Amino acid sequence: MFIFYFGCCFGSFFTVVASRLPLREDFIFSRSCCHHCQKKLAFYELVPLFSILSQKFRCRSCQKKIPTFYFIVELVYGGLFYLAIHQLTLADQLIFGLWVTMAYLLALTDYFYLIVEPRILYPFTFLLWLVAFYFQRPFYYSTFILLLIFALSVYFFFYNYFGFGDCLLLLAWGPWLSLRALAFLLASASISALLLIILKALLKKEVPKQLPFVPFLSFGLVLVLLFF
Ligand SMILES: [Zn+2]
């Protein structure tokens, strides 16, 4: 339980990082504020999960509703952190932790701003590759070459049709996944995205113009890491 809550605290911090880094705002020293009334939050309003529950999902000063989204993603990160700690070896813990954190941060920045933030993508790719090479994880050249060809063809021919950031992300993750795992990741990402579009169309009778794809890729990645 403690480990899970510890994970939720990290999730809370990474959510702040994801929301501020693309705007080049400081995320270590400046305290969070209500997005609606801009009032700085007191320390007792910053306790992950408990604050939001005790305030019944409302800002203490302006009573504006705080989206449940924040609550859910913190829980998700807490759960994944818990799973990471229960991996058998330190190598698995490190790789799983790094990979999931990278996915979490990029999924959120894509959700907030529709971008694959390079200042998260490149450092985390470097770290992930470093740790994976160090612990001698299998490097799948076939997946790597396939994704490289895909990324280059998107760059030269289909730049306006497929997000190049998504390609770079796949290029960062792909070499550490077998072709089967990659196919599974892409299939689960596309199917879940499609289901969400259909659901949105049915509920709101409108098709979203632009859909952040990284959250779905991250969802696929978590499935692959857990079940492959
Ligand atoms: Zn407020």
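Glu117 is buried, with a relative accessible area of 5%. This comes from a predicted model. Glu117 sits in the loop between α4 and α5 (118-134). Its contacts, leaving aside neighbours within four places in sequence, are Leu21, Pro22, Leu106 and Thr109.

Glu117 has a charged partner. Arg119 forms a salt bridge with Glu117, and the closest N and O atoms are 3.3 Å apart. Arg119 counts as partly exposed, at 36% relative accessibility. Glu117, in contrast, is buried.

## Salt bridges across the chain

The count of salt bridges comes to three. One of them joins Arg60 to Glu45, with the closest N and O atoms 3.5 Å apart. Arg60 lies in the loop between α2 and α3, and Glu45 in the loop between α1 and α2, so the pair ties together parts that are 15 residues apart in sequence. Arg60 is partly exposed, with a relative accessible area of 41%. Glu45 counts as buried, because its relative accessibility is 13% and the cut-off for buried is under 20%.

Another salt bridge pairs Asp92 with Arg137. Here the closest N and O atoms are 3.0 Å apart. This pair links distant parts of the chain: Asp92 is in helix α4, Arg137 is in the loop between α5 and α6 (141-156), and 45 residues separate them. Asp92 is partly exposed at 23% relative accessible area. Arg137 is also partly exposed, at 30%.

## Glu74: buried without a salt bridge

Which side chain of opposite charge is nearest to Glu74? It is Arg20, 12 Å away. Glu74 is buried yet has no salt bridge.

Glu74 lies in helix α3 (residues 68-85). Its side chain does make a polar contact, with the side chain of Ser12 at 3.5 Å. Ser12 is also one of the residues in contact with Glu74 once neighbours within four places in sequence are left aside.

## The largest pocket

The largest pocket has a volume of about 970 Å³. It is lined by 39 residues, and the closest to its centre are Val16, Ser32, Cys33, His35 and Leu41.

Several helices contribute to the lining. α1 (2-20), α2 (50-54), α3 and α4 (90-113) each supply at least two residues. The largest share, six residues, comes from α1.

How values were computed. Residues numbered from 1 in each chain as written. Predicted model: local features only at pLDDT ≥ 70, side-chain atom pairs only at ≥ 80, totals over all residues. Heavy atoms only, no water. Helix = DSSP H or I, 4+ residues; strand = E, 2+ residues; numbered from the N terminus. Buried < 20%, exposed > 50% of the residue type's maximum accessible area, 1.4 Å probe, protein only. Lys, Arg positive; Asp, Glu negative; His and termini not counted. Salt bridge = Lys/Arg side-chain N within 4 Å of Asp/Glu carboxyl O. Polar contact = N/O pair within 3.5 Å; in protein donor to acceptor, adjacent residues only side chain to side chain. Contact = heavy atoms within 4.5 Å. 1 Å grid on protein atoms, 1.4 Å probe; cavity = no way out; pocket = protein on both sides within 12 Å on 5 of 7 lines; lining within 4 Å. Points joined across faces, edges and corners; volume = space filled by probe spheres on them.
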